[in-house]
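This report looks at one strand with its pairing partners, and then at one helix packing.

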Amino acid sequence: MSLAVIQMVSQDDVPANLAAARRLLQEAAERGARLAVLPENFAAMGRRDQAALGRAEADGSGPILPWLKRTARDLRLWIVAGTFPLPPDGRPEARAHACSLLVDEDGERAARYDKLHLFDVDVADSRGRYRESDDYAFGEQVVVAETPVGRLGLSVCYDLRFPELYTRLREAGAELISAPAAFTAVTGAAHWQVLTRARAIETQCYVLAAGQGGSHPGGRETFGHSAIIDPWGRVLAERSSGEAVLLAERDAAEQAAVRQRMPVARHRRFIAPVQPGPAPTEQL
């Protein structure tokens with residue numbers, strides 16, 4: 001049951017990014033992957049017209065959704081489409097979410113996750129200020145989906161700093177967790193590897209951490225270091241920067257043994273704290 005993580009250095013040219021993603025996904029499929037995870041903002045980095053991109057996808061005139069369905073069918077590959085802007089279903093006029101879409105090998109949508117935690121943060125880099133909520137609405141659902149390689153919980157980038165989400169994913173039956181990301185070079189160097197390994201260890205899940213890794217328009221630098229991490233916290237594959245296709249096998253028997261030897265899910269004594277605002281619901 002081969003898992004793949006795709007690292008990219010996406011720019012502001014959507015057709016060029018989609019062509020690069022197709023090439024990398026094809027390599028993953030040819031090397032035996034059943035499921036592949038693309039990074040956050042895989043189709044566009046550095047553009048300020050996120051609302052227009054989202055409306056185009058919602059009304060059927062955008063390039064991303066048709067490309068995604070066609071690529072999954074052609075390659076017979078389950079794909080976690082990192083993130084791209086997409087309004088709520090049936091409401092093309094509404095504000096877009098940072099949407100992570102799971103499609104199956106027939107190109108059909110298997111699950112949709114809208115990023116719960118938006119990156120409204122000041123960072124000591126050349127850009128300095130990040131406000132994702134200027135472009136996106138907050139997601140409201142915790143999502144776990146069945147795939148041929150196991151039950152997949154979906155998350156995105158800044159979510160990694162909120163362990164209560166990952167507790168909910170484990171409680172909902174997740175065996176693998178996707179984490180497409182575009183960590184800044186500054187925050188990534190400080191926290192990326194600690195966070196991704198911690199989320200794997202505490203949930204006893206495989207974490208599929210697909211990052212952006214390089215220079216992007218507007219002077220943005222991303223950390224890279226995409227990785228596949230096993231339920232014991234071991235890094236099975238990693239790439240520091242540039243484009244990459246990382247593969248690893250899921251060992252379901254070993255995962256079950258880890259959970260049996262150290263049954264942390266049964267030992268948990270505290271309920272994850274409720275955050276202000278409406279509580280996320282679960283979509284299974």
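## The strand E1

From strand E1, Ser2, Ala4 and Ile6 point one way while Leu3, Val5 and Gln7 point the other way, and all are buried, where buried means under 20% relative accessible area with a 1.4 Å probe and protein chains only. E1 (residues 2-7) is thus described as mostly covered, with six of its six residues buried. In a regular strand the side chains alternate between the two faces of the sheet.

The model is predicted, and local features need pLDDT of at least 70, side-chain atom pairs count only at pLDDT 80 or more, and totals for chains, interfaces and linings use all residues. Residues are numbered from 1 along each chain as its sequence is written, and side-chain values use heavy atoms, with hydrogens and water left out.

## Pairing partners

Strands are DSSP runs of E with at least two residues, helices are runs of H or I with at least four, and both are numbered from the N terminus; two strands pair if DSSP finds at least two bridges between them. E1 pairs with strand E16 (residues 244-249) in the antiparallel sense over six bridges, and Leu3 stands opposite Ala248 in E16. With strand E2 (residues 33-37), E1 pairs in the parallel sense over four bridges, Ala4 standing opposite Ala36 in E2.

## Helices H1 and H3

Helix H1 (residues 14-30) packs with helix H3 (residues 64-75) at an angle of about 20 degrees, their axes 11 Å apart; axes are lines fitted to C-alpha atoms, for helices over the stretch in contact, and angles run from 0 to 180 degrees between N-to-C directions. H1 and H3 are therefore roughly parallel to each other, a term for angles under 35 degrees.

Key: Angles under 35 degrees count as roughly parallel, over 145 as roughly antiparallel, 65 to 115 as roughly perpendicular and the rest as oblique. Buried means under 20% relative accessible area, exposed over 50%, partly exposed in between (1.4 Å probe, protein chains only).
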